[in-house]
Amino acid sequence: MIFHPGVLGLVTGSLIVLVMAFFSVVLGIRIIIGWDITKSTAGQLSLERQTYLVSTVMNYVMGFQILSLFLFVYTADDIHQLFVGAMCTTGSLNANPIGWTVLFAKIIIFFLCGIWLVINKLDEMAEDYPLVRFKYKYLTALAPLMALEAYWQLSYFLGLKANVITSCCSSLFSDEGVTVASSLAALPVDVMMYIFYAAAALETAMLALLIRKSAWRILRYISGVGALVFFLIALASIISFVSIYYYETPVHHCPFDILQGQYMFVGYPLYGSLFGGVLFAAGAAVAEPFRKINSLKTAVDQMQRKWTKLAVLLIIIFIIISTWPLVFSTFKAYGQN
Amino acid sequence: MSKTKIFAAFIAIEAAVLAVLYISSANCVHCKDNEMSLKRAMVRAMRLTDAAFWTEARYTRHPSQADFFAAFQDFPSSPDHFPAGSIVPPAGQR
Amino acid sequence: MRGHGRVIEYALSTLARRKFKNFSVAAVFSFLIAVLSSILFLTHAYKTETLKLLEDSPEIILQNMSGGRHELIPVEYITTLSGIAGVGKASPRYWGYYYDSLTSANYTLMAYDENMQDIKLLQGRMPASEGECAVGKGVADIRQVGMKDDIFLTLGTEQNVTLKIVGLFSANSAILTNDLIILTKDSLIKFFNMPADMATDITIEVNNPSEVSTVARKIRRTFPNSRPILKNELIRTYDNIFNWRGGIVLTMFFGAIAAFMIFVWDKATGINAEERQEIGILKAIGWETADVLYLKFWEGAAVSLSSFFTGLILAYVHVFYFNAQFLAPVLKGWSVLFPKFEPMPYIDIYQIFVLFFLTVLPYVAASVVPSWKAAISDPDSVMR
Amino acid sequence: MDAVIRTEGVSKVFNAGLADEVRAVTGVSIEIRRGQITVLKGPSGSGKTTLLGLIGCMARPTEGKILVEGRDVAKLPERFLTSVRRQTFGFIFQQFNLIRGMTVRENVMLPLYPTDIDGRQMVRRMEEILEKLELSSKRGVKVGKLSGGQQQRVAIARALINEPAVLLADEPTAHLDTKLSEDLLNIITTLNMDGKTIVIATHDPLIYDKPYIDNIIEMRDGTVREASLL
């Protein structure tokens, strides 16, 4: 166990969020069982009021997820010095491979929470709350995943063994056989660039088209899946070429260092716009099937338009930020790869 | 909207104070670069391996060179860089 | 959006109307944050400074072990060491501890060698002959001696020495030199009664820094009883010590945080009749539950945000302008000689992020349910 | 004359299924006509306040339909009920229910705070209403410093700020003397002449004996005993 203020913060935060999430699940199960919008009994009224609590809690949980994602990466960076051969966050994550699982789980939960908020938003726009059971079932399924993520996170930190001088006879270098690789395998720069810009253009075009023709159901679904694919491609691209242009070193592929002050914190707008854009694009696609519900038709229409616009805007911002150093930096990656 | 403005101003002032402190601290660290490099030269010349923070016991003075039994050597129940050192009582009065 | 601005305005005016209550919450919260951030700031500042300094310490220190304990090392090892590929300069270090019963403080005695000639942060000079010494600020202060004064050390009848102070390490190097007494090698060997041809340990330079661990492995193969300590290990250990200490102190303050959160919960739950009436009125005249929740959110946000900032400022001033006066006793522990607290203001945004997690988040969590309870009051309650 | 509000067999039960179950309103079917002054008359405990709350979308009925401008609101969740209430109704309470420690202008504008209305427009409306109710000079005064009659007028101003079609008043004269009650009625009739529909729940003869009352609904034990002009 690494006893570190950041670790304490993350573990405390996870505990708080877990308690809140499970509290919401208990309320959610009560709602799933007892909900009957046609009745005006005291019981139904109190259930309706509990939905406010759950919404509020989930908003906070979402906020926490975003913060904890950054704090996790930051903490991993801060403790990298404790591990032999670890140069940055990547090294800390490699030091106990479950770290990667935690990171991915945090990202996935971010999106799942985001989707829940999307469904919640739509549901609250219809007078008969048509999605109420669905959204609480979703929440009930989401909570164990959050528990799992908290558990993984805890075991990550518990499993980390700082390579400190502990005893007289077993000095450290002896177990350096398990060298921690510090760099991520990166895909070739030029290939990745083509893929990235093609994917970005395609996704933006689809979304832009959907702002006008919001009823193209199949395109909507494709754009939703496309957003996720684009997300993966974008991450691969950040590792492959965006990072090296920002760092101006051909071998430094760490996707986390751009969050640091020495790179003007450019990582925040970069990841912020990417996560936001993908979430809104995916959210608009998730909303699509609810169009069938009569009371939701206008809400879906209205929100889809808004979200699609936001998604396009954010994705364009993301593309601009990631292209910026390619155009304006003196560093050239070609031929050095 | 007066109170919002007062509050925003208050927060902005606090943030500005923090920013000034942050910048001045960076500056202060920077202007002590010289002192720092002298100190580093000192470490190099004297081949020092530890800082003189805690001198109550030899293993706290030189935590990096402590040996296995260190926790039980000098002071009973003294805080230790071994987690257990702060919890486990010493074997007996020396 | 316009509506949101006005709700915020209302939230602030609600806070202002209950000055005493909210001010006391904010004051306690600020204090708590100030304490926590003082701890984090201080440990971080010391950690950063120490780690930076240790960058220049020797690549490898070779200790001799006997029965699992640190032993004196034969100086002749150096000849063999120099034969190992990759080993640069290897030289012996002579040092030891001296417990001064007069002041009940531990000093570190260290032998002078030629490398120390050009040290800057020194007033006077290094000892040149037997009977001379240079001392750290802490030693000079606790023995109440200055330049040209004598200092008497004893280890029993045979091992007495009276040293004339010819050098004083300057105060700003106290983090390194506070407890040091530098004397000539011969005096030291005589004083500690060390056998001839033995040194305390050997420092080793390594030609190629990336080969350090290979070299260390070779050394250990050559001298199975030895224990090479690498510079990286030093740094890593220090990193961990500071994290650990910081973490322990934070954990101790966890009780305080928990108590405060209970206090917040209690304050928020036990809203008085007047407040309940107010929320009832708001709902009756057309505010929606979500609006009231938003109002409550902003009440909390205003209190926690201003407390957070205030706490940070207080902590900064406390740690870096008042040299952490209130924390010093905690950190000093049993130390008689403790370097004067003058931490270099190393600050990391990360610290602030962690503090936010440890303080504002629990605060928010503690006020969610009470705010909701207040927000769901019946709109027609004011009609009954 | 068309009905702004129509109730069909509306009932409200508190603490249903419990030992202290109360049937506050049972099977009430009434109509509130546009532009008229309607009085809900009856002794205390006759269910008139509860009915007023149901009409004004403060709470949902246990049974029955409530049609506001032709739209059934009986089954609407709170979130939507509130927005209907915000658009359609202004309330005057028995206690004035002003927020002490805040000024007249703040109290008056309070209902509009969470809405999307433009700030200048909100202030303009507030000024107009204060002018009309002769409160302009008091706009910066804390409501706690006002007399009972002035407080009642502030409460009326607040009820009018969202330009409601219907004004609901619950025992508005309970805390006023005769002179002030007369003043209040003057204001109400003026508002009625301006086109507002008005519903007053009261057992004050001063009100329901007035000739300009278009409609009297007499309640007893949660049911409508007699409704004139229906």
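**Note on a pocket and a helix pair**

1. In this predicted model, the lining of the second largest pocket is made up of 13 nonpolar, eight polar and seven charged residues.

2. The space in this second largest pocket comes to about 960 Å³. It is lined by 28 residues, and those closest to its centre are D77(A), D78(A), Q260(A), H44(C) and D348(C).

3. Which elements give two or more residues to this lining? They are α2 (42–78) of chain A, α1 (2–31) of chain B, and both α2 (19–54) and α12 (349–375) of chain C. The largest share, five residues, is that of α2(C).

4. The second topic is a helix pair in chain A. Two packed helices are described by the angle between their axes and the distance between the axes. Helix α8 of chain A (residues 267–287) packs with helix α9 of chain A (residues 297–328) at an angle of about 150 degrees, and their axes are 7 Å apart. Because angles over 145 degrees count as roughly antiparallel, α8(A) is roughly antiparallel to α9(A).

5. The crossing in which α8(A) passes α9(A) is left-handed. On the α8(A) side, the residues making the contact include P269(A), L270(A), G276(A), G277(A), F280(A) and A287(A). On the α9(A) side, they include V300(A), Q304(A), W307(A), L314(A), F318(A) and S322(A).

6. How many residues of the contact of α8(A) with α9(A) are nonpolar, polar and charged? The contact has 16 nonpolar residues, seven polar ones and no charged ones.

Terms used. Residues are numbered from 1 along each chain as its sequence is written. Chains are lettered from A and ligands numbered from 1 in the order in which they are written. This is a predicted model: local features need pLDDT of at least 70, side-chain atom pairs count only at pLDDT 80 or more; totals for chains, interfaces and linings use all residues. Side-chain values use heavy atoms; hydrogens and water are left out. On a 1 Å grid over the protein atoms alone, a cavity is a set of points where a 1.4 Å probe fits but cannot get out, and a pocket is an open set with protein on both sides within 12 Å along at least five of seven lines; lining residues have an atom within 4 Å of a point. Grid points are joined across faces, edges and corners, and a volume is the space filled by probe spheres set on the points. Helices (H or I, at least four residues) and strands (E, at least two) are DSSP runs, numbered from the N terminus. Ala, Val, Leu, Ile, Met, Phe, Trp, Tyr, Cys and Pro count as nonpolar, Asp, Glu, Lys and Arg as charged, and the others, Gly among them, as polar. Axes are lines fitted to C-alpha atoms, for helices over the stretch in contact, and angles run from 0 to 180 degrees between N-to-C directions. Angles under 35 degrees count as roughly parallel, over 145 as roughly antiparallel, 65 to 115 as roughly perpendicular and the rest as oblique. A crossing is left-handed if the near helix is turned anticlockwise from the far one by less than a right angle, and right-handed if clockwise. Contact means heavy atoms within 4.5 Å.
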